[in-house]
Every structure is written in structure tokens, then in C-alpha cells.
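Q: Hi! Could you walk me through this one, starting with what sits around the ligand?

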Amino acid sequence: MSQEKQANYDDNNIFAKMLKGEIPYHKVYEDDKTLAFMDIMPQAKGHVLIIPKQQAVDLADLEPEFATAVLMTAKKVMAAQRQVFEREGIIQMQLNGSEAGQTVFHYHLHLIPSSIHELGRHAVTQADQTELANMAKQLTAAIAT
Ligand code: AMP
């Protein structure tokens, strides 16, 4: 993880704990600067989150090299979502600040296979763990090919 820690960054947020290996998650992809995993309360089937390995609260804190890395990972994940879920429409979303509805204060990009007109509610309904694990496996395999 980059040492460029922001003063307002809480080391104990849930995504920081994932990066430290302290809590489980359904991994889709990882490289030296990013981690992608299944959203546990998806707004549509196949909802993935991408986080930088930098202690950034929101977009304002994100260093250019991590911004680039997040987008490069997003391109890989989106291609895999299109292949696995056989749909073209993928929403890219990112919330900055609690006023915008941000609930986890480590920067993350949402990639949601959905139309904006069909999007489910934000962070409300927990998905089945086995289904999430299966989707993560399929997406990982699609990225690797
Ligand atoms: P935001 O409100 O933009 O900060 O989004 C936070 C996202 O994290 C929501 O979509 C939640 O469903 C998701 N989330 C919260 N806890 C977990 C977790 N343990 N594993 C995966 N996703 C999570």
C-alpha cells in the first residue's frame, strides 16, 4: 500500500481491512496497485468494486498513478462482465462524500451490469455468498483469457 496516507483516512474501514487480509471477500482481480472484488450488496447481478492500494478517501485524494491503475483494472473487469453476463450495458459509478451517499471511506469504483433505469437500491440487500463466489470465479477466468 502506498504510504501517501490522507489525514482523514481511517485505517479500520472495511476495504482497508480487506487489503490487510483481515476480512474475507470474493476476489475478481488483483495487481500491485489495485484490487477488484464482488460487491456484497449488489445493485445488479455482477456488481464489482475496484479499489486502489492507496489510502485515499475519495477522488480528491487519488494519486495519478493509482487513478490510472484503477481505470486500467476497470477496463479489464468491464470486458469480463460483458463476456460473462452477455450484456453490453455497464454502469461506472463512484461516490464522493457522505452527502453523495458514500458509505465506505476508501476510494472505490463501482462497475454495475445494469441500465440506469433498472438499477437496484444502493447497499441494501445482501447477495448469496455462493453465487458471489461463482461470479468472481467466472470473471477471474474471463480476465485471464
Ligand atoms: P459507497 O456507498 O459508494 O461507499 O459503496 C460502498 C459499497 O461497498 C456498497 O455498494 C456496499 O454494498 C459495498 N460493501 C460494503 N461492505 C462490503 C463488503 N464487506 N464486501 C463487499 N462489498 C461491500
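A: Happy to. This is a predicted model, and in it α1 and β2 each supply at least two residues of the shell around the ligand.

Q: Which element gives the most to that shell?
A: That would be α1, with three residues.

Q: How many residues surround the ligand, and which are the closest?
A: The ligand is surrounded by 18 residues. Asp39, Thr103, His108, His110 and His122 are the closest.

Q: And how does the shell divide into nonpolar, polar and charged?
A: Eleven of the shell residues are nonpolar, six are polar and one is charged.

Q: What about backbone atoms, say in Gly101 and Val104?
A: Both have one to report. A polar backbone atom of Val104 is 2.9 Å from a ligand oxygen, and for Gly101 the distance from a polar backbone atom to a ligand oxygen is 3.2 Å.

Q: How much of the ligand does the protein bury?
A: The protein buries 93% of the 500 Å² that the ligand exposes when taken alone.

Q: Switching to pockets: which space does the ligand take?
A: The ligand takes the space of the largest pocket. That pocket holds about 350 Å³.

Q: What lines the largest pocket, and which residues lie nearest its centre?
A: The lining is made of 20 residues, with Phe15, Asp39, Ile40, Met41 and Leu49 nearest the centre. They divide into 13 nonpolar, six polar and one charged.

Q: Where do α1 and β2 come into the lining?
A: Each of them, α1 (14-19) and β2 (34-38), supplies at least two lining residues. The largest share, three residues, comes from α1.

How values were computed: Residues are numbered from 1 along each chain as its sequence is written. This is a predicted model: local features need pLDDT of at least 70, side-chain atom pairs count only at pLDDT 80 or more; totals for chains, interfaces and linings use all residues. Side-chain values use heavy atoms; hydrogens and water are left out. On a 1 Å grid over the protein atoms alone, a cavity is a set of points where a 1.4 Å probe fits but cannot get out, and a pocket is an open set with protein on both sides within 12 Å along at least five of seven lines; lining residues have an atom within 4 Å of a point. Grid points are joined across faces, edges and corners, and a volume is the space filled by probe spheres set on the points. Helices (H or I, at least four residues) and strands (E, at least two) are DSSP runs, numbered from the N terminus. Ala, Val, Leu, Ile, Met, Phe, Trp, Tyr, Cys and Pro count as nonpolar, Asp, Glu, Lys and Arg as charged, and the others, Gly among them, as polar. A residue is near a molecule or strand if one of its heavy atoms lies within 4 Å of it. A polar contact is a pair of N or O atoms within 3.5 Å; within protein, one must be able to donate a hydrogen and the other to accept it, and residues adjacent in sequence count only if both atoms are side-chain atoms. Accessible areas come from the Shrake-Rupley method with a 1.4 Å probe; for residues, only the protein chains shown count as cover. A molecule sits in a cavity or pocket if more than half of its atoms lie within 2 Å of its grid points.
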